[in-house]
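Let's take a walk through this structure together, beginning at the ligand and moving on to a strand and a loop. Have a look at the model first.

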Amino acid sequence: MTYAEITGWGKALPPIVLSNSDLERIVDTNDDWITSRTGMKERRISHVEVSELSTVAAAQALAAAGLEPGDVDLLITATCTPETIIPPTSAVVQSKLGLNRAGAFDLNANCSGFVYGMVVASDMIKSGSVKRVLLVGAEKLSYIVDYTDRTTCVLFGDAAGAAVLEATDEPVGVLASELGVDGDAAPFLCVPQFGTLGGPGPRDPEHASLYMEGQEVFRRAVTKMGEASVNVVGAAGWSLDDVDLLIPHQANLRIIDATARRLGIESSKVFVNVHAYGNTSAATVPVALTEALESGRVTPGAHLVFAAFGGGLTWAAAAVRWGNRVEPLATSDMRVPDTDKTVWDVLEPNFEFFGRGGDRE
Ligand SMILES: CC(C)(COP(=O)(O)OP(=O)(O)OC[C@H]1O[C@@H](n2cnc3c(N)ncnc32)[C@H](O)[C@@H]1OP(=O)(O)O)[C@@H](O)C(=O)NCCC(=O)NCCS
């Protein structure tokens, strides 16, 4: 039988930081509220487009797997903030990386996108239709966040992460998965008129930003991430005690803690970096996976649980048995470019569009 091993991993983080104290200067909020309600301290704001973040993360993942661009059969880019609708961001990344043999498409399952992509990639490899998949999760959420709305703007950031999945005979990779969606609850987390619903002409600022009813989303996220995680552990034939590390979507520390409680695992078995990057939607899971590997939290043969929740409202979970290698075979020289711009320089077009709050000087 064929399985799909994760053999490469990488991340791309824009250098510009938006801290809680920066946010205090533009909306009526404070570090105590943000930290106690979300666990977040900082997030990154990108001065480059999603394809560039994606390309850097993907190049790192390819190097970690010891592969050349021509080895890749398929590129999937999970994003809800593509830089264009036509072409898909995957086509831009394919060109930048020179993936000269690959098919490529974008996948939009909002914050669950990367875990959805893991399942799609893994099942395509298991079916024999492809051997090597490059999977990216990348977002520039600062494009759809209204920085006058304190109920959303403190939560989100920009980033990309990537993984390589390869065919193997070893029983590793995604052993069980669950994908779900509750479209009835979609209005609780949406950009109401971004797309054809907005009609022809320029975007209407009032309906082009992220709208969220936080408590409604929170409640469902806790329930579904917890249930799906327990389900995939059972479906993989593991007991809850077998789980070595939970790598959850990083939307809120309280949601992560509740998911861990549901799995009955202690905090030492949960990977958390929400304090550093906030919620970067489809990018949180691959960035977390990469940092879990970098910090030695993934051991050979480890039993991992991935769980995510997001707009749709979608959710996804996967039970993944890690292979033997936890070190990258190589690293790429590709980096997100430096910039002299400040966070306010980069956010200025956003402020001009959605409005500006506070006195940030
Ligand atoms: C958004 C979230 C952090 C809010 O936390 P909460 O404990 O539910 O807070 P509430 O929405 O009940 O708001 C409590 C109070 O804080 C206020 N508040 C909201 N945002 C605030 C901010 N940034 N700073 C200070 N106060 C804020 C509210 O106005 C409210 O005030 P009121 O009681 O006077 O009306 C939380 O609901 C959440 O994380 N939801 C899920 C979000 C998510 O994961 N989204 C993406 C899914 S992928």
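How many nonpolar, polar and charged residues does the shell around the ligand have? By class there are 11 nonpolar, 8 polar and 2 charged residues, where Ala, Val, Leu, Ile, Met, Phe, Trp, Tyr, Cys and Pro count as nonpolar, Asp, Glu, Lys and Arg as charged, and the others, Gly among them, as polar. Please keep in mind that this is a predicted model, in which local features need pLDDT of at least 70 and side-chain atom pairs count only at pLDDT 80 or more, while totals for chains, interfaces and linings use all residues. Residues are numbered from 1 along each chain as its sequence is written.

The ligand is surrounded by 21 residues, and the closest are Thr29, Gly214, Phe218, Ala251 and Asn252; a residue is near a molecule if its C-beta atom, placed from the backbone, lies within 6 Å of it. Two or more residues each come from helices H2 (31–38), H6 (150–153) and H7 (214–235) and from strand S12 (303–310). H7 gives the largest share, 5 residues. Helices (H or I, at least four residues) and strands (E, at least two) are DSSP runs, numbered from the N terminus.

Finally, visit Arg297, in the loop between helix H10 (284–294) and S12. Arg297 is buried because 20 other C-beta atoms lie within 10 Å; the cut-offs are 20 or more for buried, 12 or fewer for exposed, and partly exposed in between, with C-beta atoms placed from the backbone.
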